[in-house]
Amino acid sequence: MSDLVIVESPAKAKTIKKYLGPNYEVVASMGHVRDLPKARLSVDIKHGFAPKYDIIKGKEKLVKELKGLAEKSDNVYLATDPDREGEAISWHLAYILGLPEDYCNRVEFNEITKTGVTNGMEHPRAINNDLVDAQQARRILDRLVGYKLSPFISQKIRRGLSAGRVQSVALRIICDRENDIRKFKPEEYWSIDAKFIPKGSRKSFAATLYSDQNGKIKIHNQEQADKIEADLKDAEYTITKVRHGTRKKSPAPPFITSTLQQEASRKLGFQSRRTMKVAQELYEGVEIEGMGATGLITYMRTDSLRISNVAIDEVTKYIEQAYGKEYLPAKPRHFKSRSNAQDGHEAIRPSMPSLTPDSVKNSLTSDQYKLYKLIWSRFTACQMAECIQKTTQAEIEANGYTFKASGYYVDFPGFTALYVEGKDEAEEKSSQLPPLEKNMSARCRELKKNQHFTQPPARYTEASLIKTLEEYGIGRPSTYAATITTLTSREYVKREAKSLVPTELGEAITKLMKERFPNIVNVKFTAQMEENLDMVENGSEQWVDLLDSFYGDFEKTLKDAKAEMEGVKIKLKEDETDIVCEKCGRKMVVKVGRYGKFIACPGYPDCKNIKKYVEKTGATCPKCGGDVIVKHTKTKRIFYGCANYPECDFVSWNEPTNEKCPNCGEILYKKKGKKPVLFCAKEGCGYTKAGKAEE
């Protein structure tokens, strides 16, 4: 007889089995085993919002096997992920396996290492019903909104649409930004930049006009700029102020879920879904040469910045050994989490800080290595000394005008020797001014007028949207990846380079939601709902009361919307193609149905002609000269093929272009990435060149 440990994934099971040994059977539930069936609402609204759970279709055999193993085991431990979702999975497993509610068999592994697994197994507890209730409330709330609203939206716009409690607010935020961009009216302004050479020096430095006799100056048009230029013609310049200082920069805190997604987007070009998939692999365990299956990071769904003393001690030893004692701060750093953060876990960090990225590189995939290096570097840097910069600021005057110049150099790199946080906006570049003294004269080598126009707010990227959702308190970091994936896969939002741009469909849905369901897409209302769910989690509110207070107003709003919009259909502009209907001569249009896009005659119902939708790339097939079109695998992965298939069997994972290789004359292919590359696929050629970045 042995003890049974149930986890969520086979990879996690393999890693944990290595640490527990032969007296334990470790198996995977493959995620949820019981859920609300998709075919119906599955919530009894009239009887306390009672959920009607079923075994998930296709998991009946697995459940039977788990029951058999549980019956033969002395003890059953539930070791699903240490979060609200994991708690719910354990609760469902306990119900299915007939385990007592007060049975202390719930174990948590914040890190899947020998220490983490041993500590977890030594401190089993009963299932936390408050956590389960919070997850249940969230699940039912999302089901009510999704299953009640989606049919209404589909009826009023087009079949197959969906609305969601978090996704609809995220979509509104993106649409509101697009409206701000459209309404934006650029304003003209000018700047005057100069290059000076101080007396006795050969090195020039840059400065910008800052003020005149009346204070800080704003140049609105060319006439003003021309007047200033004339006033400064043949002027004599004097350095009137020189200030030297020291600036200290502290490292960023270790990652939480949201900041990991943001930084992986900025630095690695990863979409949030890709980031979380790779992080899950690193947490659950990877086969490391000489070590076997090893969990490389702590749990990746966390909003806590807490770091264990053991981890701090270990990383401190590494820094001293690798960089020297001067790279350590006076005392270890501790970071304060946000007030509403769940402090059950640590921040995301390497489970063994001494295990450097390069030491495990050969055992990791490219994505795993990149993300592990990012997590390891950020964590290690957070316990390193400050970066010390020496700064110089100077003012240069002539004829009543004042120019300002500033520069700095790094006196001691500190944590920046290892890691610098990415930013959404451009940062000041390091530039050192030449030796300057007060009352020193300077020669103006160049005076340049520059016309500018104020810029509209930038469209959201994944990184900036996640940052905004977190700041507003909408959703939870663990849900951001799924939310963004839903918006893009349903074509409510499209990607243009890194930007998220609402489609006409997305804007139509948001307009309808703002008019008819203002609370659902209200940022403050949604944030308050998150706070209420947190209150359920800490036991200060009952989940049924929360649902009851929400549903009354929601049901009335939906009923009124149905009555007031009876017979109303919102029409979207259809994309016209250059394909002429052979039956009636009209130009056919792109439509969207239950199974995706198709081409149809706009004369329906008089003309019912339809065709298969194909997306042309503009390139010609290198085999037969036909059109190259975009295709998709069963898993939605994009590839390229000839429109004349099956007569022509040309296919490629990389997009072909019409550009020819200058070396061998074959066509060039486009390899996408942060820096697109055109390359020749002919064996032995090896020609490449930088491609044009997508707009």
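Visitor: What is the bridge partner of Val 7 in strand 2?
Guide: The bridge partner is Ala 28. This is a predicted model, in which local features need pLDDT of at least 70 and side-chain atom pairs count only at pLDDT 80 or more, while totals for chains, interfaces and linings use all residues. Residues are numbered from 1 along each chain as its sequence is written, and side-chain values use heavy atoms, without hydrogens and water.

Visitor: What makes strand 1 and strand 2 a pair?
Guide: Strands pair if DSSP finds at least two bridges between them. Five bridges join strand 1 (residues 3-7) to strand 2, and the two run parallel, so they pair. Strands here are DSSP runs of E with at least two residues, and helices are runs of H or I with at least four, numbered from the N terminus.

Visitor: Why are strand 2 and strand 7 called edge strands?
Guide: The open sheet of three strands has the order 2-1-7, with parallel pairing. Strand 2 (24-28) and strand 7 (76-78) each pair on one side only.

Visitor: Why is Thr 298 called buried?
Guide: Buried means under 20% relative accessible area, exposed over 50%, and partly exposed in between (1.4 Å probe, protein chains only). Thr 298 has 0% relative accessibility, and therefore counts as buried.

Visitor: Which residues is Thr 298 in contact with, leaving aside its neighbours within four places in sequence?
Guide: Contact means heavy atoms within 4.5 Å. By that rule Thr 298 is in contact with Asn 110, Glu 111, Tyr 283, Ala 347, Ile 348, Arg 349 and Ser 351. A polar atom of the Thr 298 side chain lies 3.0 Å from the backbone oxygen of Ala 347.

Definitions and conventions. Polar contact = N/O pair within 3.5 Å; in protein donor to acceptor, adjacent residues only side chain to side chain.
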